[in-house]
2 protein chains.
Amino acid sequence: MSELRLLALASKVQVGRGDDLVAILLDALNDAGEGLSHHDLLVVTSKVVSKSEGQVVDFDGTEDHKVALVEQESVRVLRRRGGLRITETRHGFINANAGVDLSNTEDGTAVLLPKNPDQSARRLRAEIARRTNVEVAVLITDTFGRVWRQGVTDVALGSAGLRPLLDLRGTFDANGRLLEATEVAIADEIAGAANLVLHKAAGTPFALVRGLDESFFGPGSIAEDIVRAKNDDLFR
Amino acid sequence: MSELRLLALASKVQVGRGDDLVAILLDALNDAGEGLSHHDLLVVTSKVVSKSEGQVVDFDGTEDHKVALVEQESVRVLRRRGGLRITETRHGFINANAGVDLSNTEDGTAVLLPKNPDQSARRLRAEIARRTNVEVAVLITDTFGRVWRQGVTDVALGSAGLRPLLDLRGTFDANGRLLEATEVAIADEIAGAANLVLHKAAGTPFALVRGLDESFFGPGSIAEDIVRAKNDDLFR
């Protein structure tokens, strides 16, 4: 019987530049009465990663300044409507407003995406392993809109220790026919699942995910496995 | 402590037209040693819904026939590449190949999407309540691609008893500022989460989801809440 469990890990710490995010995370785990085991996965919301890495800029609160920040964080604008921009970031992420975040930030500031979320995930994973002797997987997540469906969902920006795409090519179905939909974006499915237990307004920056199939763990990164190459893309 | 649990419910039954899907589902629950409680949610993959509703057509195995079926199921073709079509279905879903499914089907057949997945979900929910006296939420899910990210994820096609969009408008963040990303597509996040425990090749058509926040339950439908109106859409 396959069973998956997701637990929110709350923290009251207001993360700032240079803060020890792994210590804050391990405290939150401890407060929840949980330890870490092999094949656990930790979800870390990108905002606390950005804050700890100093990806915070002044923001004067005006729409003009917001648009300027968004365009500065973008390599290309795909669509404009009013103050809304759908853009491509340096990372290759396509999202509204380039992930520039004006909620849950200190007054007069905006939070940008981490510069290299895969690298941030690898660093967090290595540091967690150093302190706990457990090699968990780490996922850094943020909230993105979708093109043809209302509402936002959380997706993965960075990963370490997880295969972001579960490759089912060569797998046969119950009738012996090759499966069609062959690569499942489990990194994004895990990110969205974790968002179901997070209450961002109430300060819940982390989640613990337990019970993932062991085949999910391994090498890979969001930049290489999930971000779609421009020439594969029918809508850019 | 917010904790979410997802359990796969296996079934060896090959579902056919007119079969009692609720009986098959309740048998699978029983085999897993689980009962139903208030605020449980059941995920039902769309293929077994389609099969029980007779949404199965002959398929001669050729690429030409596949394309013909896809175009017949579509109201509009957005993009073409080789045999691939990105189309809009009658329901307003935009996906590769209009959800026409050639894997895990009987030889010589293809499975189409349910005609009205919200209605199917409502019917399943009512029938489960009639037999068990428990009003669970029901989600009918399928596998869709995404525009700018590699890999497929499961999304919700139909729902009953769940608010597909969690409306956070009017919610303030920890600093007293209004939250920006205001409507979370929890139906799709739950669908993707459930896919993490399903093993479709091995016959796992159902999942039980436990521990969702009670604010998630209520009225709504995928057609009304999730499918984006064409004039709201920047990419159609």
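Biologist: Hi! Is the crossing of α1(A) and α4(A) left-handed or right-handed?

Modeller: The crossing of those two helices is right-handed, where right-handed is the label if the near helix is turned clockwise from the far one by less than a right angle, and left-handed if anticlockwise. Before we go on, this is a predicted model, in which local features need pLDDT of at least 70 and side-chain atom pairs count only at pLDDT 80 or more, while totals for chains, interfaces and linings use all residues. Residues are numbered from 1 along each chain as its sequence is written, and chains are lettered from A and ligands numbered from 1 in the order in which they are written.

Biologist: Thanks. At what angle do the axes of α1 and α4 of chain A cross?

Modeller: Helix α1 (residues 21-31) and helix α4 (residues 117-132) of chain A cross at roughly 60°, and their axes come within 10 Å. Helices (H or I, at least four residues) and strands (E, at least two) are DSSP runs, numbered from the N terminus. Axes are lines fitted to C-alpha atoms, for helices over the stretch in contact, with angles from 0 to 180 degrees between N-to-C directions. The pair α1(A) and α4(A) is therefore oblique; under 35 degrees counts as roughly parallel, over 145 as roughly antiparallel, 65 to 115 as roughly perpendicular and the rest as oblique.

Biologist: Which residues of α1(A) and α4(A) meet?

Modeller: A:Leu21, A:Val22 and A:Leu26 from α1(A) meet A:Leu124, A:Glu127, A:Ile128 and A:Arg131 from α4(A). Contact is called if two C-beta atoms, placed from the backbone, lie within 7 Å.

Biologist: Switching to sheets: in what order do the three strands of the open sheet in chain A come?

Modeller: The order is β4-β5-β6, with antiparallel pairing. Its edge strands are β4 (74-81) and β6 (94-96), each pairing on one side only. From one strand to the next, the twist averages 25°. Strands pair if DSSP finds at least two bridges between them.

Biologist: How many bridges link β5 and β6(A)?

Modeller: Three bridges, and β5 (residues 84-89) of chain A runs antiparallel to β6(A).

Biologist: Which helix lies across β4 and β5 of chain A?

Modeller: That is α3 (residues 63-72) of chain A, running at about 20° to β5(A).

Biologist: And how many bridges join β8 to β9(A)?

Modeller: Seven bridges join β8 (residues 137-144) of chain A to β9(A), and the two run antiparallel. A:Phe144 has A:Thr153 in β9(A) as its bridge partner. Strand β9 (residues 153-160) of chain A is mostly covered, with eight of its eight residues buried. Buried means 20 or more other C-beta atoms within 10 Å of a residue's own, exposed means 12 or fewer, and partly exposed is in between, with C-beta atoms placed from the backbone.

Biologist: Is B:Asn97 buried or exposed?

Modeller: B:Asn97 is buried, because 23 other C-beta atoms lie within 10 Å.

Biologist: And what about B:Asn133?

Modeller: B:Asn133 also has a positive phi, about 65°, although it is not a glycine. B:Asn133 is in the loop between α4 (117-132) and β8 (137-144) of chain B. B:Asn133 is exposed, because 8 other C-beta atoms lie within 10 Å.
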